[in-house]
Amino acid sequence: MSESVLLEEESTPLDLRLSDDELDRVHGHVTDFIAEQVDAAGAEGAVLGLSGGIDSTTVAYLAVDALGAEYLRGLVMPGSVNTDENMSDAERVAEDLGIEYDVIEIEPIAEAFYEALPGASDERMAESNVRVRVRAVLNYFAANADGRLVLGTGNRSEALTGYFTKYGDQAVDCNPIGNLYKQQVRQLAAHAGVPRDLVMKTPSAEMWTGQTDEEELGLDYDTLDAVLALHVDGPLSTAATVRALDVTAEEVARVEELYESSKHKRAMPPAPAELSL
Ligand SMILES: Nc1ncnc2c1ncn2[C@@H]1O[C@H](COP(=O)(O)OP(=O)(O)OC[C@H]2O[C@@H]([n+]3cccc(C(=O)O)c3)[C@H](O)[C@@H]2O)[C@@H](O)[C@H]1O
Ligand SMILES: Nc1ncnc2c1ncn2[C@@H]1O[C@H](COP(=O)(O)OP(=O)(O)OP(=O)(O)O)[C@@H](O)[C@H]1O
Ligand SMILES: [Mg+2]
């Protein structure tokens, strides 16, 4: 069975699926990109956080294709919220790929932050973002020490909705799958040989127990991707998007709100315009 057939049973509001030929080309394009980024930086390879989720697993598979297993290091960083299943999947990915990896318990590090600013961790998002940023510090610790680049795992759907922690999981040197919508990442994962149980996993940031991306975003990824492609990336008005897809004007407005309110996450921090003195 070809890899794209694997996902063919799904029906989506808008067919963004890549053909086998396109998947071959995207695979080559992304692996070339990873190799070029590492080469251009004069780096000794790359490091990435492995969560057992589809995005980091896909980037790990592609990076091994691009660089070879000996040039990729994985960091598996369990915190209090991560399920044992996800953490053992993360280790399985590293072992299947034959890459060097470390398992680092982040809770004692996060706890030191919570104690340093009493009360701040009462706010769930503030508390959860600390864990995400602790992982970023560890990624850069490993990258600095070994002369490696940090590979990001962000995709286009997350980037356009700001669905990431500022200076957390977005604190990376490059984003190999950054131009692909989430459903295309799943397709590329299958194409790259990621095991089916990981390809079909429900996306979760695991920032609190039971969190799923789709519940927090308020839309399923297929709908989100379709609205992004037609209305945010594409030229269709709200009314035309509603007519083209099986979505409501409220769903389009939700996507627009996510996109608009996260602009600051996609820009360099602003400074006042230069004064002529
Ligand atoms: N207009 C503006 N201009 C400039 N800066 C602005 C700003 N509005 C907020 N800010 C700054 O941004 C901060 C809020 O942003 P941030 O700290 O990122 O926090 P926030 O966006 O509130 O939360 C992170 C979101 O990303 C999701 N996430 C995080 C990590 C991983 C994943 C995943 O999919 O795995 C998902 C998470 O579930 C949550 O929905 C504010 O505290 C403020 O410092
Ligand atoms: N426990 C963890 N250990 C190591 N890295 C992690 C951990 N949790 C998150 N990360 C890093 O943060 C990134 C962002 O998480 P995110 O949930 O968006 O991606 P994912 O888990 O790979 O895929 P999915 O979105 O399908 O859950 C991960 O891809 C991974 O690089
Ligand atoms: Mg995840």
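This is a predicted model: local features need pLDDT of at least 70, side-chain atom pairs count only at pLDDT 80 or more; totals for chains, interfaces and linings use all residues.
Local features are reported at pLDDT of at least 70 and side-chain atom pairs at pLDDT 80 or more, while totals for chains, interfaces and linings use all residues. Residues are numbered from 1 along each chain as its sequence is written, and chains are lettered from A and ligands numbered from 1 in the order in which they are written.

The chain is divided into domain 1 (20-202) and domain 2 (218-264), with bounds that come from an automatic or database domain assignment. Between the C-alpha centres of domain 1 and domain 2 there are 27 Å. Across the boundary, 7 residues of domain 1 are in contact with 11 residues of domain 2; two residues are in contact if their C-beta atoms, placed from the backbone, lie within 7 Å. On the side of domain 1 that touches domain 2, helix H6 (156-161) and helix H7 (182-192) each supply at least two residues. Helices here are DSSP runs (H or I, at least four residues), numbered from the N terminus. The largest share of that side of domain 1, 3 residues, comes from H6.

The interior may be considered next. A nonpolar core is a set of buried Ala, Val, Leu, Ile, Met, Phe, Trp, Tyr and Cys residues joined through C-beta atoms within 7 Å, and a residue is buried if 20 or more other C-beta atoms lie within 10 Å of its own. The largest nonpolar core has 65 residues, and those with the most contacts inside it include Ala-46, Leu-67 and Val-227. Helix H2 (residues 54-67) gives the most to this core, with 9 residues. Both domain 1 and domain 2 give residues to this core, so it lies between them. Leu-67 touches, among others, Ile-34, Val-38 and Ala-46, not counting residues up to four places away in sequence.

The axes of helix H10 (residues 221-232) and helix H12 (residues 249-261), as lines fitted to C-alpha atoms over the stretch in contact, come within 10 Å and cross at roughly 75 degrees. H10 is therefore roughly perpendicular to H12, a term for angles of 65 to 115 degrees on a scale from 0 to 180 degrees between N-to-C directions. Val-227 and His-231 are among the H10 residues that meet H12, where Val-255 and Tyr-259 are among their counterparts.

Finally, Arg-135 has its place in helix H5 (residues 124-146). Arg-135 is buried, with 23 other C-beta atoms within 10 Å, and it touches Gly-49, Met-77 and Ile-106, not counting residues up to four places away in sequence.

Technical notes
A residue is buried if 20 or more other C-beta atoms lie within 10 Å of its own, exposed if 12 or fewer, and partly exposed in between; C-beta atoms are placed from the backbone. Angles under 35 degrees count as roughly parallel, over 145 as roughly antiparallel, 65 to 115 as roughly perpendicular and the rest as oblique.
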